[in-house]
Amino acid sequence: MQNLLAWYQEQTASGKLRFDPAQQRLVEELNQFLSNFASLNFITRLWRKDHKLGYYIYGDVGRGKSMIMNAMYQYTDVKHKTRLHFHEFMHQTHEKLAKMVNVDDPLAVIAKELKEQFDIIYLDEMHVSDIATAMIMKRLLESLFANKIYIVTSSNYHPDGLWPNGLMRERFLPAIEVLKDRLNVVSLNSDQDYRLINTSINQLFIVQQADSHTALDKIFAAINLDNHQQQNSVIEICTREIPTIKSGSDIIWFDFSVICGNMRSQLDYLELVKQFNWFIISDVFLLTAEKKDVARRFTWLIDILYDSSSKLALSSTVPIHDIYAQGDFANEFERSISRLEEMQTQEYLQKKLTAKPC
């Protein structure tokens, strides 16, 4: 049976991937971890003395973290496994917490229930961006590890760089120590951003053009082939109405100030990607330091669209790299820029959409 290392060697030998020594070193280490993990049964995994229960893989955008983690998940030779985006995992956790009334240590209960389903959980793009998540992270992690649930996660940041300017960060620091204590923290320090190699850019992003609305209208018509549409209507998401410019059976068009404005949240975006595959956002504007909340919502939106392989067209009054160049979350926005660049490529448009729950 092929393993993770054999997969990487085949991919690079065939030219499907460009050989990268940093990726090779990481794959070799992860392959050994998977070999050891697969050799354990339920009892030995429960009682083993190894203090480390997985991996925290960090590095700059475009270095191949998600690609390697996806392959790692594929070659994890156990039945009880799952892979989720970190946003989705925390969304599910918060939903379960909201239903628990008068329950002692509800996070411990959630962790025990997860153990009944999974031996190992893969979490892509760990990125703490709201205080509700920050405040429960320590107890959640402790409960997961107490139940001997293995975690493999990726992030653009070393654990010390999570929630850097967040409210009450001092209360989040113990969660960072749990991550560093219980997971192997490794860096994928490749020099190449592989997202920048591709140059087959499609004209889906209309930047600094006076006729941007007309251009987006043509894109909408090209996608909405059945011609069924509503204009200047509203859609109800999470019991709140969101104004739309246009919507079709599989495409929806929002004004940027609406979809990333006040009252929007990750829950809205997670629900929208269940209903639509194509999104249009018009009139993205320059985000100053005072617009940090809008920038954060835009980052959430791009993360969720990208992770679900949703397709995006947009218009912007400023170049993509200049949308949010200065402010508290400007370093985080670099990931959004990289993803926006990839989302314009033919390769991204050919990706299959992530299966959406009914």
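1. S315 sits in strand β13, which covers residues 311-316; strands here are DSSP runs of E with at least two residues, helices are runs of H or I with at least four, and both are numbered from the N terminus. With a relative accessible area of 2%, S315 is buried, where buried means under 20% relative accessible area, exposed means over 50%, and partly exposed lies in between, using a 1.4 Å probe and protein chains only.

2. Please keep in mind that this is a predicted model, in which local features need pLDDT of at least 70 and side-chain atom pairs count only at pLDDT 80 or more, while totals for chains, interfaces and linings use all residues. Residues are numbered from 1 along each chain as its sequence is written, and side-chain values use heavy atoms, with hydrogens and water left out.

3. Returning to S315, its side chain reaches the backbone nitrogen of D283 at 2.8 Å. Not counting residues up to four places away in sequence, S315 touches I206, S212, L216, I281, S282, D283 and V284, a contact being heavy atoms within 4.5 Å.

4. The largest nonpolar core has 60 residues, and L4, F89, V152 and F172 are those with the most contacts inside it; such a core is a set of buried Ala, Val, Leu, Ile, Met, Phe, Trp, Tyr and Cys residues joined through side-chain atoms within 4.5 Å. A second, separate core of 52 residues includes W253, I281, A295 and Y348.

5. The structure holds 15 salt bridges, each defined as a side-chain nitrogen of Lys or Arg within 4 Å of a carboxyl oxygen of Asp or Glu. One of them joins the side chains of E125 and R339, at 2.6 Å from N to O. E125 lies in the loop between β3 (120-124) and α7 (131-146), whereas R339 lies in helix α13 (residues 330-343), so this pair ties together parts that are 214 residues apart in sequence. Both partners are buried, E125 at 5% relative accessibility and R339 at 1%.

6. K138 and E142 also form a salt bridge, with their closest N and O atoms 2.6 Å apart, and both lie in helix α7, four residues apart, about one turn of the helix. K138 is partly exposed at 32%, as is E142 at 28%.

7. In helix α8 (residues 173-182), K180 and E177 are three residues apart, or about one helical turn, and their salt bridge has its closest N and O atoms 3.3 Å apart. K180 is partly exposed, with a relative accessible area of 27%, and E177 is partly exposed at 45%. Elsewhere, salt bridges that share partners join D105, K138, R139 and E142 into one network.

Key: A polar contact is a pair of N or O atoms within 3.5 Å; within protein, one must be able to donate a hydrogen and the other to accept it, and residues adjacent in sequence count only if both atoms are side-chain atoms.
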